[in-house]
Structures are given as C-alpha cells and as structure tokens.
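Subject: Structure handover

Dear colleague,

Here is the structure I said I would pass on. My notes follow below it.

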Amino acid sequence: MSKSDTIQFSQPEENTLGVVVGNARRAVQSTARRLGRAASAHRASLGTAFLGLGAVIVVGLRAVYGLIWFVGQWEVYPEPFAALAAWIVLAAVLVGAIVMSRVTGDRLPDWMFGLFLAGLAIAFALDVIAIWELRDIGGHATAAVTAGMALLVLVALRGSVEILAATAIVALALLVVMFLDAPLGAFGDATWIATQVTAIAGAVLPPLIGVVIVEGFRRMVQVELDRVLVQSTVSAPRFAVGMLASEELARLDLAAEELLDAVATKKTNLPLTPKNASVAAQLATELRLHLIEGRRETWLYHAVSESEQLGKSVTLSDKSSLAGLLDPTQRDGLLSAAWLLVADVPSAANPRRRGATRTVNLQIGPVVPGGDVPDHKIAVPITITTTGVPRNRVDSGVWDAIGRIGRYSDSTQDGSLRVDIDCIVDNPADQ
Amino acid sequence: MTHSMDLISKERDRLLQRSARVYGLGFTAVSAVCFALPGAVPIPVLLIGSPLYVILAAALVAVGLSRAIWWPIIALVAGLGVVATVALLAAPPTVAASLAVLNLAAAGIPSIALVLTTTLPRLLLLGVGALASVATIVAAEIAEPPQALRAGGTALVGWGLAALVAVWINAGVPQVAKRIASIGRAHRAERQASELEAQRRQGARLLHDTVLATLTLLAHSGVGVKPDALRQQAADDARLLRQLRLGQAPATPTETGSVPVITTDETVLGTTLESVKQRFGRMGLTVSWHGTGQVLLPSEVLDAFLLALAECLENVRRHSGVTEAHVTITDDDKMVRALVTDAGVGFDISDIDEAKLGFAESVVGRLREVGGNARLFSAPGSGTTVALEVPRG
C-alpha cells in the first residue's frame, strides 16, 4: 500500500461529551487559545505601542540631559570629537529606530535590531575612548550611559528576554571598561565606587523597569481580553453547545467528508486497511457521541473551560445545570465575583509562586422547594467556597458582584471565605 | 460598561504598584550601596540611616502588594529621613553621600509617584513629596550652591518623570479597554454564530445518520458490500457533508444526483423512503415498500421515524441472514405506522439483551422523543417484525 493511501485526519484530542476525560483539559485550553488567536493579531500591539511612545519620550529627555552635560564638559574632555561622534551615532541610531518602528509597526525586524545594537556598541566605544584618559568612566560617560538607557526605546518592539540580555551586556561592558580604566587605589575610594555604581544604575535600571512595566501591561491586557471573551457567555441561551463543541462537530464533519471523499474518488482502496478502518470507526464513535448525546452545558461551564484565568482555579458543581436559569445580570455578577476572587492572586504576577494559588468552587443547587419565593420564581441556592482567600483580603468589588446575584451571607470555612447566596430565578416550568 | 472599567482599573493599579516597587527598590539599593561605602558618611549617620533604609525598602515592598495610602507615606517619610539625616549631621556631604541622597530624592522616593496620580488626596501627597524632597536635598547640599541647584533640579525632574510614567500608563488603559471591548463584541457575535452553526449541524440528523451508517460499513473495512456501491454511497455522503459545510440547508438524501432543498417544515415521507431503499439496496438488502408513501410529517418527527426505520433495516441486514426486507406503511388520523418484517433466522426475544442490539437506545429512544413508540416481535426460525409508530404532528 502506498503512503498516500492512508487516510489522514487529525485525531480527536478530546472526548466531546460534557465529561472532561484524560488530557481533555489540555485540549480545552488549547482550543481556548485557538479561540483567542483571532484577537492575538491585535494583542501584540494593544496599548504597548502607546507605551513605546512614552519610552521614546523618556529616552529623548534623557538624551537631551546627557547632551547638555556633555557640552558642559567639552573643555574637560581629552578627545571631545570622539564623544561628539558617539553622540552623532547615538542620535542617528535612535532616530532610525523610532522612524523604522513607526514604519514597520509593532515589531522591529531582527536585522534592524542587530543594526541598532551595533550602533549602540559603536557609540559606547567612542564615548569610552573620549574619556579614557580621565580615569573615571562613571563620572564622565554621557553617550555610553545613554546608550544603555536607549534600550528602553525597544521595550515595546522586541521580546523582554532580548532587552534584558542586551541590558546585561551593557552592564557587563560598563563594568569591564570601568575596571580596566580604574586609577590606582580606586577600589578603596568611596567617591570612585559611588560614581561608577550610580552610572551603571542610570544605564541599566531604566530598561529593566521598562521591561517590568511592559510585561505587566501585556499581562493586564491578556487578563482583560480573557475576561471580555468569556463575558460573552453571559448572553448565551440556557443551554449552549459552546464554541468548543461547535468547532469539534465541524471538525468531525470535515474529517468524515474527507474520508468519504477519499473512498469515493478511489484515493483509498477497498476493502480498507485495518488502520483506516479503525480511523473510520473512531470517527463514527465521536460523531455519534456528539449527535446522540449532544453536549448540553450551561454558559458557566463554557465560561470556566474557555477562560485561561478561571480554568486554572475555578471548579463547578452544577449537576442539574441550574446556572442556565440565571438572568444576564446575575450571570455577570457571578462571573465577576469568581473573577475577582481568583484574579487578585499575588502569584499571578509571579508564576513561580503558583503553589499558593487561590481556588474557588461554585456549587449551584440543588433546589429546595418551599421558602419565601414570589410566584413563578424558584430559589436556586449558590454556594461559593474558596481556599486561600482570607475574609479580610476580599476585594470590595466582590460584594457588589455577589449582591447582583441575590441575597447572601458570608462566613469563613477552613480559614477561607464561604458565601451562601439565595438566587431567585424565573421558574422554567412557567416558560 | 462602567463595571468592566472597574475591573481593568484594578488591574492597572496592580501594574502601577508593582512597577513602583521595582522602580523604588532598584534605586534604593543603589543609594544604600553608596551610603554604606566606607567613609561615605560618619558612623552615627550610618546608624540612623540604616534602619530608615530598611523601613523604606519594606514600605516599597508593601506598596507593590497593597493599595493602602499608608505605605507610600511611610516610604516617603523614611526616605526623606535619610536625606534629612545627611543634611543635619553630615553636611556638606561627601561625593558618595551626595550620590546616595540624590539616588533617593530623584528616583528611590519618587517611585511612589506611580501610585499617586489617581485621586486628589494622592495627587496632593505627590506634590508634598516632591517639594519636600527638593527642599531636603537642597538643604543637604546648601554649602555648595551650584551643587544644591543641580541636586534640587534633578530631584524635581525625577518626580516629574515618575509622575509622567504614571500618567502615561493611566492614559493607555482606557484606550486599550476600548479596543478590548470591541474585540469582546466581535467575540459575542462569533459565539452566537457558532451556537447557530452547532445547532444547524446537530439538526441535520438524517444526514448524519446516513453518514454514520457508511462510516460503520467502512469501519468493518467495507466487507460484504460491493466496492462500487460503497464508493457511490461515500460519494453521496461526502457531497451532503460538503453542502452542510458550505452553509446550505440540511438536505435530505434522495436519488443520486438530486438533492431537494427543503423549504417547508413538513416533508413528504415517500421522497425520503426512496433514498433509504436505495441506500440499503447498495449494501445488498432489497427493501420492498407497501402501503402509502404520501404522508406529510413535521421534520423532526420524520427524522426520528426514518432513523428508527433505518436502524431496523440495518439490524435485518446484519443479523437476519436474508437479503430482503418488507416495510409496510399505514396511517390514520393520529398515527403513522411502519411494520418492518423479514423472513430471517429470528431470535428468542428473552435471549437478547435489548440494549445490546442498540434497539432500546437508537430506536425506541428516538421515537419516544417525538411521542412515538416501537415494539419487537420475533421467534427463532420465524423471522422478525418491528412495529414503529409516530404521531402525525
């Protein structure tokens, strides 16, 4: 049998029943990422271009300050023209980078990044040559220090790791030239050391802080995007197939179509090889599960499984699918509350500390008959139990959000917050 | 939505807090190194200054974690305390001490400006902090006026720069929130479309039933069916799936080559019975029809009816050992009935687990969904009869 005779289709990576089995978690997350990909073209540029502009302004101000300092020291310089050349190169590199970033968009191409770094290196070297004789690099370097800070310009245009690596190289280069150029007895001289340390800090800390800000901003945008995308479940019908299942069904249909087409057009020989036969059997099983059993989950299930943020730390117990009965305001409240409870994790900023993550369990129902409920309404009890959420560290927004779901009472269970909510919804029997 | 603005504001505050922490701790560390160098300041000043540095660093760490206004205030007081100590006890300062207080007054302390631009009291604190920093460092350097001027100016620029960063980030957030909101709206539309799409695909049950039957045949490597017939069947099904994919209405399979687009809710039974007959014909089971074919049924009832019928015929094909089956359709005011009979080997009903036959799930279950029912009659050696009935709607 020739190789092309084997039927190719992507193996289902997820059991598409409501039950999450095996590595379906990964599958769900990868699908969620796939869903987010539509937005990811914008994602890279969302807001960071604006931050980049701010960085350009800061670097510009710093450059002017450095230039004034340099002009003031003209007389002192042993080789003022080398320093002047350093400033000209630096200015050309900066202007070039700013112009090109406006032209090429959100990301500086590799070769331009290389050129930029080479330019900085030249400016750095020229400035060091200009002040070598003075034996005090930290006290007199102007263009060399500004060259380090100039990396800030690229903070929104290149990856953080690249910026950090370049910053480290600048720091190292400064250390080396300072060491080589040190006068006799410098290492016991507080003045000399303080001057060099301050100069290194001036070159290195701004790009570092810039990276922290831009990374934080990107993360903020991602969290907000995740939240907004999941927010669309609030207006979903009582039961929904969900974007994952819909994609799965379309994928299975396509796989079946391709398989049948291959048979029809004689690309695949009959009778089928055992391998192809098992592919057909698997496809039939998946499709049957989808169609006969269906996938009837509530908006809340979809919200939790599609969100990176909620998926990590929220579990849901809703055996009777009662979440579907909540009206949009109540849904928004529940989603926001869950969001605020898990999003306020200090470890979110620091993935290495993920061990201490908060978790939230949402228990919906069961419905208890009777009680003080208006006509045509039923009361759905909702219990939010948490771990790692001290009562006194709850964001005030959580109470507003829970208030929109219904009357509630809060308590502490195992040192963590517990909220019991009486959620009044329309009786589905009356609809 | 004001509400979503709240949430992103919280995220923004956290970002500013964390940035202030890195900013402040970085320059405070540099300042502390200069301060602690041998000979930079007299020993008493070192003893007073060191705990103040510790308090400043602790307050900056707290600024990163909490939005409480007390932490920037403590940081400001501790930082200015160091500068004031130098001014009072070590003036005129050595170069190292000068750089230590400059790093504090122009960067370490102003880092708190990042969290001080959102409300009026915070802005006031920012202004007070900036003025106090400038005043204290000028006091420390006053012995040498040009140096005092430079240091004061640098401190002022440092505060301005930190405030600019904060204002800049604050200005960026609403822009980005607006764009994210529009992505969210697009996503909501996409979700609705996807929901409709899934319903459409799930609704095309009749189509999927023939696809599943063909896939099941292929799963048995197509053994026992003529290759040409199977290819024909596969071609028909692939075409139907393609039409479904390209967004045409779920089509009912009929004779090869023509697929009517159903526009009304009701469908004539006869048209579709013919396609079932053809499908089984290709697989080697001859189906003979008897009785009326001109019955109108609502589409979901028709679907369930045909699915059950096809399931029965599939059982005949696989288990009966004969190649012919009879289907008799009768109807009255309320119900449409079908009798599926074969003259095959039959079986003892009590011997057979109904679920194993797939009978309960696929036939009875589907019919009951639309208010119908099914009954099974058989005995070893005397063939099998299934009676199906569905309401007329």
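A crossing of two helices is called left-handed if the near helix is turned anticlockwise from the far one by less than a right angle, and right-handed if it is turned clockwise. Please keep in mind throughout that this is a predicted model.

Helices 3 and 4 of chain A

In that sense, helix 3 of chain A passes helix 4 of chain A in a left-handed crossing. On the side of helix 3, the residues in the contact include Pro80(A), Val89(A), Leu90(A), Val93(A) and Met100(A). Helix 4 of chain A meets them with residues including Met112(A), Phe116(A), Leu120(A), Leu126(A) and Asp127(A). By class, the contact of helix 3 with helix 4 of chain A has 18 nonpolar residues, one polar and one charged.

Helices 6 and 8 of chain A

The axes of helix 6 (residues 143–150) and helix 8 (residues 190–231) of chain A come within 7 Å and cross at roughly 20°. That angle makes helix 6 of chain A roughly parallel to helix 8 of chain A. The crossing of helix 6 of chain A with helix 8 of chain A is right-handed. Helix 6 of chain A contributes Val145(A), Gly148(A) and Met149(A), which meet Ala199(A), Gly202(A), Ala203(A), Val204(A), Pro206(A) and Pro207(A) in helix 8 of chain A. Seven of the residues in this contact are nonpolar, two are polar and none is charged.

Contact between the chains

Chain A puts 66 residues into the contact and chain B puts in 72. On the side of chain A, helices 1 (24–43), 2 (48–72), 8, 9 (242–264) and 10 (274–293) each give two or more residues. Helix 8 of chain A gives the most to that side, with 24 residues. The side of chain A that touches chain B divides into 46 nonpolar, 14 polar and six charged residues.

Helix 2 of chain A has 25 residues and spans 36 Å from its first C-alpha to its last, close to the 36 Å expected at 1.5 Å a residue. Its buried residues include Leu51(A), Val56(A), Val59(A), Ala63(A) and Phe70(A).

Chain B

Chain B has 12 helices and seven strands. Of its 393 residues, 47% count as buried. Among the contacts in chain B with a separation of 6 or more, 70% are between residues 24 or more positions apart.

Two residues of chain A

Gly324(A) sits in the loop between strand 1 (314–317) and helix 13 (328–343) of chain A. Gly324(A) is buried because 22 other C-beta atoms lie within 10 Å. Beyond its neighbours within four places in sequence, Gly324(A) is in contact with Arg238(A), Phe239(A), Thr298(A) and Trp299(A). Leu300(A), 24 residues from Gly324(A) in sequence, is 7.6 Å from it in space, C-alpha to C-alpha.

Ser416(A) belongs to strand 5 (residues 416–426) of chain A. Ser416(A) counts as partly exposed because it has 16 C-beta neighbours inside 10 Å. With neighbours within four places in sequence left aside, Ser416(A) is in contact with Thr386(A), Thr387(A), Gly388(A), Val389(A) and Pro390(A). Ser416(A) and Thr387(A) are 29 residues apart in sequence, with their C-alpha atoms 5.4 Å apart.

Regards

Terms used. Residues are numbered from 1 along each chain as its sequence is written. Chains are lettered from A and ligands numbered from 1 in the order in which they are written. This is a predicted model: local features need pLDDT of at least 70, side-chain atom pairs count only at pLDDT 80 or more; totals for chains, interfaces and linings use all residues. Helices (H or I, at least four residues) and strands (E, at least two) are DSSP runs, numbered from the N terminus. A residue is buried if 20 or more other C-beta atoms lie within 10 Å of its own, exposed if 12 or fewer, and partly exposed in between; C-beta atoms are placed from the backbone. Two residues are in contact if their C-beta atoms, placed from the backbone, lie within 7 Å. Axes are lines fitted to C-alpha atoms, for helices over the stretch in contact, and angles run from 0 to 180 degrees between N-to-C directions. Angles under 35 degrees count as roughly parallel, over 145 as roughly antiparallel, 65 to 115 as roughly perpendicular and the rest as oblique. Ala, Val, Leu, Ile, Met, Phe, Trp, Tyr, Cys and Pro count as nonpolar, Asp, Glu, Lys and Arg as charged, and the others, Gly among them, as polar. The expected span of a helix is 1.5 Å times one less than its number of residues.
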